[in-house]
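Open the model in a viewer and keep the selection tool at hand. The stops below are meant to be taken in order.

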Amino acid sequence: MKTIDKYLFQALDNYPYWLEGTIESLDYAFSYNDKNTMVLCLYGRIQAEQLWNYEEAKNYFQEALAINIHALEVYPHYLQTLILNEDYEEAQKLIDFALTIKGINKSDIFVKKAILYEAQHQFKHALEEIKNAKLCNLQFAFDSDITEVEKRIKGKMELMKKKKKPNKSKKDSKKKSK
């Protein structure tokens with residue numbers, strides 16, 4: 001095992017529970033090889049998930065993909081960052097490309113696509129992508145993640161239905177009172 005791998009494993013083991021240890025291990029790993037996509041991806045995740053610095057996170061993810069367009073570990077985190085930063089068109093293009101990459105977890109990418117539609121309040125399209133995610137899923141542990149996203153989307157659909165129904169009943173009560 002290479003020394004960089006040792007520090008990368010330490011960083012992954014520490015994240016997100018011990019950020020100081022994560023950064024220290026990443027810095028050591030980066031000093032051995034500044035072209036490691038996993039190191040850059042974890043730096044990007046820290047920027048996005050812990051510091052909410054989406055633009056800086058995007059730079060790390062882009063740098064990782066510039067080194068290796070097939071860095072499968074980057075796509076889910078990069079997509080989540082784009083969605084949170086409301087870069088919807090860019091996220092859609094990245095999804096379309098990611099789905100063409102051999103070996104990528106297509107189920108995970110379809111879930112990100114569902115989340116993209118959810119963020120845009122296109123709940124029916126989101127549920128279609130959840131169906132695609134279920135059809136592509138090959139990992140038992142990922143089932144609960146898909147189910148949780150599906151529940152959240154259906155809950156939002158219910159909220160939208162409830163929001164529309166009171167308006168109708170108000171109109172009906174006004175008609176009855178006349």
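Begin with E118, which, apart from neighbours within four places in sequence, is in contact with F123, A126, R152, I153 and K156; contact means heavy atoms within 4.5 Å. E118 lies in helix α7 (residues 106–119). Helices here are DSSP runs of H or I of at least four residues, numbered from the N terminus. E118 counts as buried because its relative accessibility is 5%; buried means under 20% relative accessible area, exposed over 50%, and partly exposed in between, with a 1.4 Å probe and protein chains only.

This is a predicted model, in which local features need pLDDT of at least 70 and side-chain atom pairs count only at pLDDT 80 or more, while totals for chains, interfaces and linings use all residues. Residues are numbered from 1 along each chain as its sequence is written, and side-chain values use heavy atoms, with hydrogens and water left out.

Next select helix α4, residues 54–67. Its 14 residues should span 20 Å at 1.5 Å a residue, and the end C-alpha atoms are 20 Å apart, which agrees; the expected span is 1.5 Å times one less than the number of residues. Colour Y54, A57, K58, Y60, F61, A64 and L65, the buried residues of α4. They lie on the same side of α4, because they cover an arc of only 160° around the axis, taken from the directions from the helix axis to the C-beta atoms. These buried residues pack against α3 (37–50), α5 (74–84) and α6 (88–98).

Now show α3 together with α4. The two pack at an angle of about 165°, with their axes 7 Å apart. Axes are lines fitted to C-alpha atoms, for helices over the stretch in contact, and angles run from 0 to 180 degrees between N-to-C directions. The angle makes α3 roughly antiparallel to α4, a label for angles over 145 degrees. On the α3 side, the contact includes T37, L40, C41 and Y43; among the α4 residues are Y54, E56, A57 and Y60.

Most residues other than glycine have a negative phi, and most peptide bonds are trans.

- Y15 and P16 are joined by a cis peptide bond, with omega about 0°; P16 is in the loop between α1 (3–14) and α2 (19–32).
- W52, in the loop between α3 and α4, is not a glycine but has a positive phi of about 55°. W52 is exposed, at 63% relative accessible area.
- E86, in the loop between α5 and α6, has a positive phi near 60°. E86 is exposed, with a relative accessible area of 58%.

Note on methods. Parallel < 35°, antiparallel > 145°, perpendicular 65-115°, else oblique.
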